[in-house]
Amino acid sequence: MEVVDVHHHYGKRRVLRGIDFTLPAGALTGVVGENGTGKSTLLKILAGELRPARGSVRHGGPFGYCPQKVVLNDALTVRQHLAYFRAAFRLDDLAHAGEVMEVLGFTDYIDERAGLLSGGTRQKLNVTLALMHDPQVLLLDEPYQGFDWETYLRFWDLAARLRERGRSVLVVSHLAYDAERLDTLWRLDGGRLRTQERGAA
Ligand SMILES: Nc1ncnc2c1ncn2[C@@H]1O[C@H](COP(=O)(O)OP(=O)(O)OP(=O)(O)O)[C@@H](O)[C@H]1O
C-alpha cells in the first residue's frame, strides 16, 4: 500500500497535514497518537471510507479493515454474519474464518446472536470479519479493545503468523505498549507521522 501526501480537515480543523508512507509486504506496523490526533481519520481514508481532501492511497491487493466502532447486526448470529460476509467476499468456504475463530477462542458462540455477545466477543467477531478473506493488507483500528489478556496474546500470535505469510498489518492504537512486537512504529502528531523510538514509546 502506498500513501502519498494525504491531507484532511473537518471544516477549519486540519487533522492530517501530509501523510506519506509505504506498507511493505510481511511487516507489522503501528501508528500511535493521543486521543483526537486523527488516527481513525487516517484509517478511514486508507480503507476508502473517507475521501482525503488531498493526496492518494494506492492498494496493491485486497485489504481488510476493522473499524474502531464494531459494526454488527444485533439480530444476526455469528454464523449468519459469517455467511453474509462469505457471500460479500465471494469465498468458496469458511476455512480461514474458522481458523481465526479458533485462534481467538470463540467458536462456541457460533449460534449466538451478536446482540447477546459480550463486548470482547463482539470485537473478536469484528476482527474475524476483517480477516476472513485473507487479505494482503490488514488495517486494524484499536483491534484488541475489550480483549482479555489471553486473547490479546493470541491476537499478536495471529498477527505474527500473518506477517510470516507475507501479509502486511497496520495497527492503530492510542497506547504504544506493543512497540516491541512491531517492525515499525510511527507517532501521529500535528497531522504528520514521525518515527517513534521504541524506548520512548
Ligand atoms: N466527522 C467528523 N466531523 C468533525 N470533526 C471530526 C469528525 N471526525 C473526527 N473529527 C475530529 O477530528 C479529530 C481527529 O479525530 P479521530 O477520530 O480521527 O482521532 P483519533 O486519533 O482516532 O482519536 P481516538 O484516539 O480518541 O480514537 C478530532 O478532533 C475529532 O473531534
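Which strands form the open sheet of three strands, and in what order? The order is β2-β1-β4, and the pairing is antiparallel. Two terms need their cut-offs here. Strands (E, at least two residues) and helices (H or I, at least four) are DSSP runs, numbered from the N terminus. Two strands pair if DSSP finds at least two bridges between them.

Before I continue, a word on the source. This is a predicted model, in which local features need pLDDT of at least 70 and side-chain atom pairs count only at pLDDT 80 or more, whereas totals for chains, interfaces and linings use all residues. Residues are numbered from 1 along each chain as its sequence is written.

Strand β1 (residues 2-10) runs antiparallel to β2, and seven bridges join them. Within this pair, Y10 stands opposite R13 in β2.

Strand β1 also holds D5. Most residues other than glycine have a negative phi. D5, however, has a positive phi, near 50°. It is partly exposed, because 13 other C-beta atoms lie within 10 Å. The scale is as follows: a residue is buried if 20 or more other C-beta atoms, placed from the backbone, lie within 10 Å of its own, exposed if 12 or fewer, and partly exposed in between. A second residue with positive phi is E142, at about 45°, and it is not a glycine either. E142 sits in the loop between β6 and α5, and counts as partly exposed with 19 C-beta neighbours inside 10 Å.

I turn to the other sheet. Six strands make up this open sheet, in the order β5-β6-β7-β3-β8-β9, with mixed pairing. At its edges are β5 (63-66) and β9 (192-195), each pairing on one side only.

On one side, β6 (residues 137-141) and β7 (residues 168-173) pair in the parallel sense over five bridges. V137 stands opposite S168, and L138 opposite V169. β3 and β7 likewise pair in the parallel sense over five bridges, with V31 opposite V172. How much of β7 is buried? Five of its six residues are, so the strand is largely enclosed by the rest of the structure.

Helix α4 (residues 119-131) lies across β5 and β6 and runs at about 165° to β5. Helix α5 (residues 149-164) lies across β3 (28-32), β6 and β7, at about 145° to β7. Contact here requires that the C-beta atoms of two residues, placed from the backbone, lie within 7 Å.

In the loop between α3 (95-104) and α4 we find L116. This residue counts as exposed, having 11 C-beta neighbours inside 10 Å. L116 and A75 are 41 residues apart in sequence, and their C-alpha atoms are 9.0 Å apart in space.

Finally, the protein as a whole. It has five helices and nine strands, which follow the pattern β-β-β-α-β-β-α-α-α-β-α-β-β-β along the sequence. The radius of gyration is 17 Å, close to the 17 Å that the globule rule gives for 201 residues, so the protein is as compact as a globular protein of that length. That radius is taken over C-alpha atoms, and the rule is 2.2 Å times the number of residues to the power 0.38. Along the principal axes, the C-alpha atoms fill a box of roughly 45 × 35 × 30 Å. Of the 201 residues, 34% count as buried. Among contacts between residues at least 6 apart in sequence, 74% join residues at least 24 apart.

Conventions
Axes fitted to C-alpha atoms, helices over the stretch in contact; angles between N-to-C directions.
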